[in-house]
Amino acid sequence: MTIQITHTRREGTLVDGTSLSDGSAKILKLREYGRTLRQPFRWSRNLDCWYLPHSRDHAAYTPSLELLAQRLRDAGLDTTLTVDNADRRAFAEAEQDREERAADRADRFAGYADNAARNSQAAWKSAHAISERFEFGQPILRGHHSEPRALRDRARMDTSMRKSISEGDRAQHWANRQKAAANYEQFRTNPGRTLRRLDKLRADLRAVEKWQRGESAKGYSRNPADPELPIRHEELTEEIAHWEQVIKDAEARGFKVWSKADFTRGDFALYRGTWYEVLRVNPKSVTIRHIFNSTGRTVVRATDDGYDGWTSTAPYDDVSGRKSAAEMQQPSQVEATEHHKEAAEHSPQVREPVAPAAEANWLEGMALVLIASKSPSRSRKRALWAMTRREAQAVCGDPRTSGRSYMLTWTERPGTEGTDWAWVPDNGSLDPVLSDLGITPRRDWTLAPQAHAAA
């Protein structure tokens, strides 16, 4: 049977006509093919033949295919090689196919993640069910008739927990891949990334046009009669038109494409969350002051201290806003607004000073004591006791109520029971602390203060 090696831009590089007993698989699996000479061929159950990864929509690297054909012939196998670089599909068709395949991958990976999560949960439940027989700390009795079973149970628990952890890691892996596949289209059509892609494609098109005119480009020359140049020119033209339409659609939705005409020296450009004063306007970027350790700054002016006069550039495709010098004459408002937002997000709330009588009444209001641990985030807070704010401060401030992996904290606004928080069992380990402090906690929550506090 003749082995057929074919390459087209539409289908990529395919090898058909092989069998399990002819020895071709060993040759095809060598990592010595493709343009990088480091790729192996892979078997596809859908195509029912071998294929070269990443060869679709690209011109064939003929020396690699000739090397493969020669190796198969040396092994005594009849082999033919056919290359047709002109047979290709339109770029819009190829891009639509890639998006559909990404959607299929997202669905498939989501199924893998769900299966792994179920397996992890089942393994954990199995280990937990076995451990319930030892929940009161029963040790393994050496020499007793129960010793063999106890040892088997310990091994089964270890195996189940290891499987649970392994399946949990697999679930996270497939969930991450599902997220990446689901975001494929958004990633490809991101306006800033698309603008940078267009710059590269236009540079490639100019190089092809120079080669067609017999000129040198990118440091070397090519034969103007090369049949690959017209095909490449057509491909680049289609791809540029496609991405230009993506930018037009983004502009229709409100995206702004910044350019040299939009800025003058002294304006302010919003670059990665910070307003920078423009020192110079360039064809593809604006020059700004370079500030070391400027994390969190909202406005950087030309007069700010830099590092020995260093400057940086902000490309227009990464600029997201503009303000004139007149609009930035009151920077304190901008900085105060940004600082207020950041403080509200990252700083604890500070209660305004109150009169002593009001302070006493406030301390007698109800608080909920919670358990905070270093374990992964939970959907609901874990509540342990309800008591007055004065008592909660004393309990949470006691060093005996915190350890390596947990600590106690309190809040007066926990949210809704059952949705935001839930009660957890009190194992009595902190009873000595409550006894020393003279506190009797409650296990029911109400926002109403105690009777003596209201009085």
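## A pair of tryptophans

Trp43 stands opposite Trp50 in strand S4. Strand S4 covers residues 49-51 and runs antiparallel to S3, to which three bridges join it; two strands pair if DSSP finds at least two bridges between them.

The model is a predicted one, in which local features need pLDDT of at least 70 and side-chain atom pairs count only at pLDDT 80 or more, while totals for chains, interfaces and linings use all residues. Residues are numbered from 1 along each chain as its sequence is written, and side-chain values use heavy atoms, with hydrogens and water left out.

## The sheet

These two strands belong to an open sheet of five strands, ordered S3-S4-S2-S1-S5 with mixed pairing. Its edge strands, S3 (42-44) and S5 (79-84), each pair on one side only, and from one strand to the next the twist averages 25°.

Helices (H or I, at least four residues) and strands (E, at least two) are DSSP runs, numbered from the N terminus. Helix H2 (residues 62-74) lies across S1 (3-8), S2 (12-16) and S5, and runs at about 165° to S5.

## Two helices

The axes of helix H3 (residues 91-131) and helix H4 (residues 147-182) come within 7 Å and cross at roughly 160°; angles run from 0 to 180 degrees between N-to-C directions. H3 and H4 are therefore roughly antiparallel to each other, a term for angles over 145 degrees.

The residues of the contact of H3 with H4 (heavy atoms within 4.5 Å) divide into 19 nonpolar, eight polar and seven charged.

Methods
Angles under 35 degrees count as roughly parallel, over 145 as roughly antiparallel, 65 to 115 as roughly perpendicular and the rest as oblique. Ala, Val, Leu, Ile, Met, Phe, Trp, Tyr, Cys and Pro count as nonpolar, Asp, Glu, Lys and Arg as charged, and the others, Gly among them, as polar.
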